[in-house]
Amino acid sequence: MMSLSMIPDRSGRIDSPAAHGIALHAGGRGRVTIATRTVGTWQERSIPIADLGGAVQEFAGRPEVFISQNRFWGVRRVVAQLAELNALFVDLDYYKGRYANLSPDQLLIATRMALDDENMPAPSLAVSTGRGLALVWRHTAAPRAALPRWRACQKVLGATLAPFGADPAATDAARVLRLIGTINAKSGSPVEAITDFGDTWDFDTLADEILPLPRAELVALRAERAKRRAAKDDRVKAVAPANFSIATLWEGRLTDLQKLRAGRWPDGIPSGSRDEWLFLATTAMSYLVPPAVLLREAEALAHEAAGWSESEMRSRMASVLARAERAFRGEKVNYRGHDVDQRYAFQDATIIKRLKITEWEMIDLDLRHFASPEIKRTRDRQRKQRDRRAAGATPRAEYEANSLSHEEPWKVEGCSRATWYRRQRNKARTTTGTGETGPSGCMVAVPVPASPLPAGARQGQAAAA
């Protein structure tokens with residue numbers, strides 16, 4: 001039975017390009033891309049967030065206008081310059097298949113039912129694109145480091161909605177979708193929202209709702225597997241973090257490569273170093289985007305870093321592109337008796353050696369992966385200290401000072417209790433300088449620290465004296 005939540009809500013709809021851009025990107029960091037298409041021409045404009053409302057409103061009523069769902073540093077719309085992940089999305093070209101006779105409202109109800117059957121959340125926004133339907137799940141800003149998990153969510157949503165014509169090519173983080181308040185030139189129909197823009201999801205919560213196993217369960221499952229492995233093999237000493245994957249590894253390496261390029265070659269990579277840096281950067285991108293997108297990403301990287309043309313990039317990076325294509329098809333290569341991914345794989349130490357990264361660069365550029373074991377251990381120790389202090393732990397120096405101040409003074413001075421008290425009496429006599437004593441000639445008139453000894457023990461000490 002269809003619930004009330006599945007009925008499209010037309011109250012407060014977003015009905016203009018400015019409202020669409022602001023609702024999607026307000027408060028974010030980076031720049032938004034607006035793209036236009038005319039006969040044989042594709043043009044893009046990169047717009048700062050602060051200027052977005054006024055800039056996109058100029059496109060009201062114009063044909064073939066698109067807006068990026070995520071944000072980027074600089075003016076190029078590429079994953080290599082991704083500033084923030086902002087939304088998940090699915091583009092449904094349902095006019096091609098069995099649902100072609102449905103209206104956008106009817107298709108929205110059908111997709112919501114399909115999502116509900118799989119216990120997945122409904123989209124934040126549904127847009128009639130003139131011939132299809134775009135569904136958007138807006139979430140809190142996530143860094144590029146979250147890209148592997150974001151891509152996993154995209155794949156699950158695409159697979160779930162594949163019967164409705166989900167476009168398998170429209171899944172990368174640099175994708176643009178049609179802008180509300182413009183016209184689809186192919187159909188002559190307006191691009192319009194058919195729901196209000198709903199709440200913004202917390203990214204981790206949204207991912208937990210979409211992915212087969214929430215992160216907490218995944219951690220527990222991997223921990224249990226590690227225990228079983230450790231019981232069988234005493235050589236198992238450590239387990240990778242729960243959110244670690246080959247994609248997160250290469251995303252971190254790409255970040256280090258970009259830091260190195262900015263720090264070592266601020267005016268551009270010299271000719272003798274371009275091939276090596278671009279080879280490694282393109283390899284990193286091959287783990288982050290599908291082959292169809294990799295070509296565009298590699299072209300942008302090559303043009304920006306080396307000034308290469310597309311043909312020159314294809315020639316120099318041919319092996320990386322070919323291996324990525326074969327890996328995408330599932331082809332394996334046998335290495336030491338195991339079938340492994342065909343894409344290039346390197347250790348951090350190998351990359352450090354190939355790029356001749358110095359220890360000064362490791363520290364000054366804050367390279368996380370391309371750092372020596374000693375630097376990584378130092379950072380790990382510092383991180384743990386910060387975590388302990390954030391949790392309320394007392395710094396070691398302060399702890400030791402407090403411990404000494406509360407410790408028995410004779411232990412601090414390394415003597416017996418009786419000796420410490422005798423020294424205090426002698427100090428008292430020396431300090432007063434009056435020579436005044438009691439009738440017995442041994443009691444000074446200056447207060448002496450009270451002894452913690454029981455009365456009986458003090459009498460015993462006096463008798464012995």
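## A tour of salt bridges and a helix pair

Start by selecting Arg-316, which is partly exposed at 38% relative accessibility (partly exposed lies between buried, under 20% relative accessible area, and exposed, over 50%, with a 1.4 Å probe and protein chains only). You are looking at a predicted model, where local features need pLDDT of at least 70 and side-chain atom pairs count only at pLDDT 80 or more, while totals for chains, interfaces and linings use all residues. Residues are numbered from 1 along each chain as its sequence is written, and side-chain values use heavy atoms, with hydrogens and water left out.

Helices here are DSSP runs of H or I with at least four residues, numbered from the N terminus. Asp-275 is partly exposed, with a relative accessible area of 33%.

Stay with helix 8 and bring up helix 7 (residues 246-264). Their axes come within 9 Å and cross at roughly 150°; axes are lines fitted to C-alpha atoms over the stretch in contact, and angles run from 0 to 180 degrees between N-to-C directions. That makes helix 7 roughly antiparallel to helix 8, a label for angles over 145 degrees. To see the contact (heavy atoms within 4.5 Å), show Trp-250, Leu-254, Leu-257, Gln-258 and Arg-261 of helix 7 together with Trp-277, Leu-280, Ala-281, Thr-283, Ala-284 and Met-285 of helix 8.

Next, select Asp-204 and Arg-149. They form a salt bridge whose closest N and O atoms are 3.1 Å apart. Asp-204 lies in helix 5 (residues 203-210) and Arg-149 in helix 4 (residues 147-160), so the pair ties together parts that are 55 residues apart in sequence. Are these two residues buried or exposed? Asp-204 is partly exposed, at 33% relative accessible area, whereas Arg-149 counts as buried at 15%.

Then move to Glu-331 and Arg-329, another salt bridge, with the closest N and O atoms 3.0 Å apart. Glu-331 is partly exposed, at 31% relative accessibility.

For the last stop, select Asp-172, Arg-175, Arg-296 and Glu-297: salt bridges that share partners join these residues into one network.

How values were computed:
Salt bridge = Lys/Arg side-chain N within 4 Å of Asp/Glu carboxyl O. Helix = DSSP H or I, 4+ residues; strand = E, 2+ residues; numbered from the N terminus. Parallel < 35°, antiparallel > 145°, perpendicular 65-115°, else oblique.
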